[in-house]
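Dear colleague,

I am passing on the structure we spoke about, with a short account of what turned up in it. Please have it open while you read the notes that follow.

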Amino acid sequence: MTDIRYQTSDASTEPLLEVRDVHLSFKGVRAIDGISFQVFPRQLFAIIGPNGAGKTSIFNSINQVYRPQRGDILWKGRSILGLKPNKTAEMGIARTFQNIALFPHMTVIDNILTGRHVRMKRGWVAGFLWVGPAKREEMANRAKVEDIIDFLEIEQWRKYPVGLLPYGIQKRVELGRALAMDPELLMLDEPVAGMNLEETEDMARFVLDIQDELGIAMILVEHDMGLVMDIADRVMVVDFGKKIAEGEPGEVQRNPDVVRAYLGEEFQSAELQEAAAEASEASERVTTAADSV
Ligand SMILES: Nc1ncnc2c1ncn2[C@@H]1O[C@H](COP(=O)(O)OP(=O)(O)OP(=O)(O)O)[C@@H](O)[C@H]1O
Ligand SMILES: [Mg+2]
C-alpha cells in the first residue's frame, strides 16, 4: 500500500526542507550526532528510533527551539538557522507535540483559532476586539477554523472545552491547530501514542487525507511501526543521535542493521526470518553433533 508518488529522486524537484549534518549536544549528551536528510513537497517522511534517539530534538532543531551547534537547516534552499520559532511557523513549518499542549479550558474552536493567529496580519488582539479590517480577517479565520473542524470530523465537539474531551479527540484538535497555521510542512510527534486501535486508524486516515487532499508534506515521528510502514513514503531510522538507515519502508525493514538495532522479529522480512531460522537450526545441529562426540 506504500505510495511512492512523492518519493522523489527527480533532480528537478527541490527539497522543501534540508537538514545538513546537524549536531546538537546538551552538556555532553549528543542528542543529534551529524544527521542529514531531505523532505520533498507532499512527502510523508517518517523518523523512527528507540526512546532518547533524538527524534524530538530533530523537530526542535528544525523549528529553531533548539540551536544546533553544527550543521545547517535549509527551508526552500535558504538557511533558517537563528530564526525565531514563530518565524519558522510563519514560513510554513507547523508541529504537534508529543504531550498534548492545548488550552484545556478553551473550546475546540478557540484552540484551533490560536493556530490561525500565526497567520493574522493585524494581530490577534485587534482580532479579538472585533474592529475594522481586523473584523473581516477574524471572520475569514473563523470560517477557516470551521473548515478544519469539518475536515477532522469534530463538529460535535466544537463548543466543548478541550479538557473534557476524550484523548483521541484532543489529539485531533491539536492537529487542527497545526493545520490552522496553513503549513507546507507539518511535523507530527507521536500522533497516535496512547491511542486505541480505532483512534489510531482514524488518525492514520487523517494523516493520509492531509497528504492527498491538502498536499502538505509531513515528518512523522512514531513508535507504532505498523502505522509507519503502512503510510510513510520514506523512513529514516535514528539511534543514539545518528542515522542508521534511510529508504522506502520495505527497504528499511530488510536492512539488517535496523533489524538488529530496533525493529525486532515482527518486521523482519520473510527471507530474513527464514535465514535466521536456518542459522539457528544449523547451530543446533552443530551443538547436537558436538554433544554426541
Ligand atoms: N532540553 C534538553 N536538555 C537536556 N537534554 C535533552 C534535552 N532535550 C533532549 N535531551 C536529551 O537528548 C536525547 C534525545 O532526546 P529526544 O527527546 O530528542 O529523544 P526522542 O527520540 O524524542 O525520544 P522519545 O522516543 O522518548 O520521545 C536524550 O538523551 C535526552 O535526554
Ligand atoms: Mg520524543
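Since this is a predicted model, please read what follows with that in mind. The residues in question are Phe 26, Val 29, Ala 31, Gly 49, Asn 51, Gly 52, Ala 53, Gly 54, Lys 55, Thr 56, Ser 57 and Gln 98. Two elements, strand 2 (29-39) and helix 1 (55-62), each contribute at least two residues to this shell, and helix 1 accounts for the largest share, with three residues.

The other element I looked at is helix 7, which covers residues 197-214; at 1.5 Å a residue its 18 residues should span 26 Å, and the distance of 25 Å between its end C-alpha atoms agrees with that. Its buried residues are Met 203, Val 207, Ile 210 and Gln 211, and because these fall within an arc of 90° when seen down the helix axis, they line one face of helix 7. On the other side of the helix, Leu 197, Glu 198, Arg 205, Asp 209 and Glu 213 are exposed.

As for what covers the buried residues of helix 7, the elements include strand 3 (44-48), strand 7 (185-189) and strand 8 (217-221), together with helix 6 (167-179) and helix 8 (225-231). Just after helix 7, finally, Gly 215 adopts a positive phi of about 70°.

With best wishes

Technical notes. Residues numbered from 1 in each chain as written. Chains lettered and ligands numbered in written order. Predicted model: local features only at pLDDT ≥ 70, side-chain atom pairs only at ≥ 80, totals over all residues. Near = placed C-beta within 6 Å. Helix = DSSP H or I, 4+ residues; strand = E, 2+ residues; numbered from the N terminus. Expected span 1.5 Å × (residues − 1). Buried ≥ 20, exposed ≤ 12 C-beta atoms within 10 Å, placed from the backbone. Arc of directions from axis to C-beta. Contact = placed C-beta atoms within 7 Å.
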